[in-house]
Each structure stands twice: as C-alpha cells, then as structure tokens.
Amino acid sequence: MTIAFLNGEFMPLAEAKISPMDRGFLFGDGIYEVVPTYDGAPVGFKGHTARMSDGLSAINIDNPYTPEQWREILDTLVSKNSTHFSTGNIGIYFHVSRGADVKRYHAYPTGVTPTVFGFAFEIAPPQPTNKQSAKALKVALEEDKRWQRCHIKSTSLLGNVMHFQAGADAGVNETILFNSEGMITEASACNVFMVKDNVITTPPLNHQLLPGITRAIAITAFKNAGLDVKEDWFSKEDLLNADEVWLTSSSKEVAAVTEVNGKQIGEGIVGPVWEKAIRAYHAYKFDA
Ligand code: PLP
C-alpha cells in the first residue's frame, strides 16, 4: 500500500477519505499537478508550483502551501513510497479542491477549507537516448471539444478523458486535437511538437492549451543545444505532412509519434531530430 498525503497528514492511500460534498467531487472544482521524480530528484518543480499557484488564483482558492512546503510534502511522499516501487521513477500527484460545503450550490462558498491531497505512483523510466530503443507512439486526431480555459490545470477533465478514450478505443496511445480552424492545439494529456526540414514547431500558449512544464523545459533545452525551435500555429495537414511528431508531458518526457490517424509520419520510425532533442532534454531537465 502506498502512502498518501491528505490535509496535513500522511496515511495509507486506502485510509485517505474525503466528504462526498467536496466540491472537487461534485463540480471538479479544483487544481492539480503531476511532478515527475527520478531517484528523488524532481523535474521542473519550480514551474509546477508556479503553475499550480496560477491555477488556484484563477479560481479564487488560496494556495494552502508555499513552494518550500510543497517541496517538503513531495520529498516525504517520495521517501515514504520509495520501497514500494521497484524503480526510482516516481510521479507525485498534488490536488487542491475548494473543499466541502454543506450544500450543493454553484457559487464559490465562503469559509470552506480547501482539501489537499497527494499520492505517489510509478512512472515510465527516462526516455532512452537512441532512436532504436525508443518506443514509438500512435495517436488519433480529433476536433478539440473542450472548454475555453484549457490553460488552467483543472481537475474537471471529462473533455480530456473523452478525447483520450477515443484514442484508446482506436487502439492508439493518445489523441491529438485541432481547433475549429483546423489548427493543432495539444493532445488530451500532452503538448504537441512537429518537425519539418529540421525546424521544430509547437503551438504558442493561449487559452486553448496547457502551458506544459515539459514543453517549457524542452523549448529551453532545444535552444541551449542550438536546435531550431519556434512557437507557431500549424494545421492538421502540416502535422500529417511533418517529418517528425512528438508529444511532451511530465510522464512521457519527449515521446516520438510515428502514426497519426492511421497515417505514417515521415518514414514511420523514430526520427533523427528526436534523438538530438531527447539528449538536449536530458542534459537540461534537472537544471530547469
Ligand atoms: N496538456 C494537457 C491537456 C495535459 O493534461 C498535460 C499533462 O497532464 C500536458 C499538456 C503536459 O503538461 P506537463 O508537461 O506539465 O506534464
């Protein structure tokens, strides 16, 4: 049994109980984060706590902890759970919901205490650094049917869940999304990059996509390594005609995609730019 954190206390996950009146349960009224750690070292911790603060202030919940306190909770969850997992690849999930009210009423209540939850789970090992050993992903492609505030890392994830399920039903790993103008936004749980003629492009940040921490680390890492990277919109046709397509997320790092909607991308194998990109990412990720 793993050890979880709930409202200031560490306990076996099965003993972590909340009220069904919690607004996280009733409305999805909360913010969450996932921080990857490798042998105890987190990746992008500063970015994750800053994004959580932004999300909480966007929905008027006071952040219950300082970054230093979040770090202490993270370190304790990692150390209390390290013997449970067979590897040192541990993801830490943090969740702050508005808390439990006595009635179900949409407006933000006053005087409720936020519910704070954290747990640990095993994540994939770091990506290999050569393309022959990398796992290639296949993805579906769908019109983005989510809300207009995708920059907020909200626990209201039904739109993302439905898009991800469409990919799962099609037997693939993820679903890449395009907006009503046919421009790529992100994937159901990842950001998207494409490569054409050695130029790496990812959509710019706005309300249509999450400001991924891995995305931000990757952009800086690629620039540091002298790779040509830009933030610009690209269409689903551009995506299908790209030389390489990648997904980024805290659990996937930078992952290569070789098939979109049944169409082979480039030569249908993990590409040479990905290899440079993942080496650049690994060289920088713990400094971010
Ligand atoms: N976009 C969405 C919708 C996500 O849910 C996620 C991660 O959960 C990402 C992008 C990638 O974000 P990060 O790199 O911070 O994990």
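**Exercise 1. How many residues does helix 7 have, and how far does it reach from its first C-alpha to its last?**

Step 1. Helix 7 has 13 residues. Helices here are DSSP runs of H or I with at least four residues, strands are runs of E with at least two, and both are numbered from the N terminus.

Step 2. The reach of helix 7 from first C-alpha to last is 19 Å, close to the 18 Å expected at 1.5 Å a residue. The expected span is 1.5 Å times one less than the number of residues.

Step 3. The model is predicted: local features need pLDDT of at least 70 and side-chain atom pairs pLDDT 80 or more, while totals for chains, interfaces and linings use all residues. Residues are numbered from 1 along each chain as its sequence is written, and side-chain values use heavy atoms, leaving out hydrogens and water.

**Exercise 2. Find the buried residues of helix 7, and say what they pack against.**

Step 1. Buried means under 20% relative accessible area, exposed over 50%, and partly exposed in between, with a 1.4 Å probe and protein chains only.

Step 2. The buried residues of helix 7 are Val-273, Trp-274, Glu-275, Ala-277, Ile-278, Ala-280, Tyr-281 and His-282.

Step 3. These residues pack against strand 10, strand 11 (199–202), helix 5, strand 13 and strand 14. Contact means heavy atoms within 4.5 Å.

**Exercise 3. At what angle do helix 5 and helix 7 pack?**

Step 1. List what is buried in helix 5: Ile-213, Thr-214, Arg-215, Ile-217, Ala-218, Ile-219, Ala-221 and Phe-222.

Step 2. Two packed helices are described by the angle between their axes and the distance between the axes. Helix 5 and helix 7 pack at about 105 degrees, with axes 8 Å apart. Axes are lines fitted to C-alpha atoms, for helices over the stretch in contact, and angles run from 0 to 180 degrees between N-to-C directions.

Step 3. Helix 5 and helix 7 are therefore roughly perpendicular to each other. The cut-offs are under 35 degrees for roughly parallel, over 145 for roughly antiparallel, 65 to 115 for roughly perpendicular, and oblique for the rest.

Step 4. Name the contact. Helix 5 gives Thr-214, Ile-217, Ala-218, Thr-220, Ala-221, Phe-222 and Asn-224; helix 7 gives Ala-277, Ala-280, Tyr-281 and Tyr-284.

**Exercise 4. Which members of the largest nonpolar core touch the most other members?**

Step 1. A nonpolar core is a set of buried Ala, Val, Leu, Ile, Met, Phe, Trp, Tyr and Cys residues joined through side-chain atoms within 4.5 Å.

Step 2. The largest core has 25 residues, and those touching the most other members are Phe-193, Ile-200, Phe-222, Trp-246, Val-254, Trp-274 and Tyr-281.

Step 3. Two or more residues each come from strand 10 (191–196), helix 5 (213–224), strand 14 (253–260) and helix 7 (272–284).

Step 4. A separate second core has 21 residues, including Phe-5, Leu-77, Val-78 and Phe-94.

**Exercise 5. Is Leu-177 buried or exposed?**

Step 1. Locate Leu-177 in strand 8 (residues 174–178).

Step 2. Its relative accessibility is 0%, so Leu-177 counts as buried.

Step 3. Compare positions. Leu-177 and Ala-140 are 37 residues apart along the chain, and their C-alpha atoms are separated by 8.6 Å. Ala-140 is in strand 7 (residues 137–143) and, at 10% relative accessibility, is also buried.
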